[in-house]
Amino acid sequence: MNSKDLLYKETGLVARLKSNNRSAFEYLYDHYAGALYGIILKVVKDEERAADALQDSFLKIWRNIGSYSSDKGTLFTWMLNIARNTAIDMLRAETKTDNRVIRLDVVRELEHQGADGWNHLVNEMDVKTWVTRLAPERRAPIELVYFEGYTHEEAAERLSIPLGTVKSRIRKGLQELRAVFSVPEVQLEIA
């Protein structure tokens, strides 16, 4: 290992990000942009719009890193939610101006590119496969909210169950998935 290379747990990376360390943000972009772009592209189905949504996502990440809490999930999961929501918001905004119907296709797999330095599991993650392994009562609301773009309220109505139950089932399902998608250590190169 090069003397300039340090091995950090995710908490170390997050601490550097929260202190607005530029090299940490460059590292974050270099190692997460490919994966997030793949998610966004699955939602918006257009490379130019996906690139715009990726840029917007990283601006939101930069501005809101102070609100990230490891108690609610991994850094990757937090960023994935920001990217997915940004892509969905982009489609919804276009729908309002274009008056056209948008159908969000189910995300079948994560396409991770440029994940050098990460655990090999990150390159082989298939979200849809892991979600299908969940119990049906947890799988259904996760698919509706995270893959099909429903709000929690719309999912509750569609499944004919209370809103609190939808949120609880999603939370429990995500807790089960957290172990699969957690990446405990990353390599951070310090300039």
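Colleague: Which residues have the most contacts inside the largest nonpolar core?

Modeller: In general, nonpolar side chains tend to be buried together in soluble globular proteins. A nonpolar core is a set of buried Ala, Val, Leu, Ile, Met, Phe, Trp, Tyr and Cys residues joined through side-chain atoms within 4.5 Å. Buried means under 20% relative accessible area, exposed over 50%, and partly exposed in between (1.4 Å probe, protein chains only). Here the largest core has 33 residues, and L28, L36 and L75 have the most contacts inside it. At least two residues of this core come from each of α1 (10-18), α2 (22-44), α3 (47-64) and α4 (75-98). Helix α2 gives the most, with 12 residues. This is a predicted model, in which local features need pLDDT of at least 70, side-chain atom pairs count only at pLDDT 80 or more, and totals for chains, interfaces and linings use all residues. Residues are numbered from 1 along each chain as its sequence is written, and side-chain values use heavy atoms, with hydrogens and water left out.

Colleague: With which residues is L36 in contact, leaving aside its neighbours within four places in sequence?

Modeller: Contact means heavy atoms within 4.5 Å. With those neighbours set aside, L36 touches L54, F58, I61, F76, M79, L80 and A83. A second, separate core has 14 residues, among them L144, Y146, A156 and L177.

Colleague: How many helices and strands does the protein chain have?

Modeller: Helices (H or I, at least four residues) and strands (E, at least two) are DSSP runs, numbered from the N terminus. The protein chain has nine helices and two strands, and along the sequence they follow the pattern β-α-α-α-α-α-α-α-α-α-β. Of the 191 residues in the protein chain, 43% are buried. Among contacts with a separation of 6 or more, 65% join residues 24 or more positions apart.

Colleague: How many salt bridges does the structure hold?

Modeller: A salt bridge is a side-chain nitrogen of Lys or Arg within 4 Å of a carboxyl oxygen of Asp or Glu. The structure holds three. In one of them, the side chains of E26 and R22 meet at 2.8 Å, N to O. Both residues lie in helix α2, four residues apart, which is about one turn of the helix. E26 counts as partly exposed because its relative accessibility is 40%, whereas R22, at 62%, is exposed. Another salt bridge joins D46 to R49 (3.9 Å, N to O); D46 is partly exposed, at 30% relative accessibility.

Colleague: Where do E176 and R138 lie?

Modeller: E176 forms a salt bridge with R138, and their closest N and O atoms are 2.1 Å apart. E176 belongs to helix α9 (residues 163-181) and R138 to helix α7 (residues 136-147), so the pair ties together parts that are 38 residues apart in sequence. E176 is partly exposed, with a relative accessible area of 39%, and R138 is likewise partly exposed, at 22%.

Colleague: Is R84 buried or exposed?

Modeller: For charge, Lys and Arg count as positive and Asp and Glu as negative, while His and the chain ends are not counted. R84, in helix α4, is buried yet has no salt bridge. The nearest side chain of opposite charge is D89, 8.3 Å away. Leaving aside its neighbours within four places in sequence, R84 is in contact with V145 and Y146. Y146 is also one of the residues of the second core.
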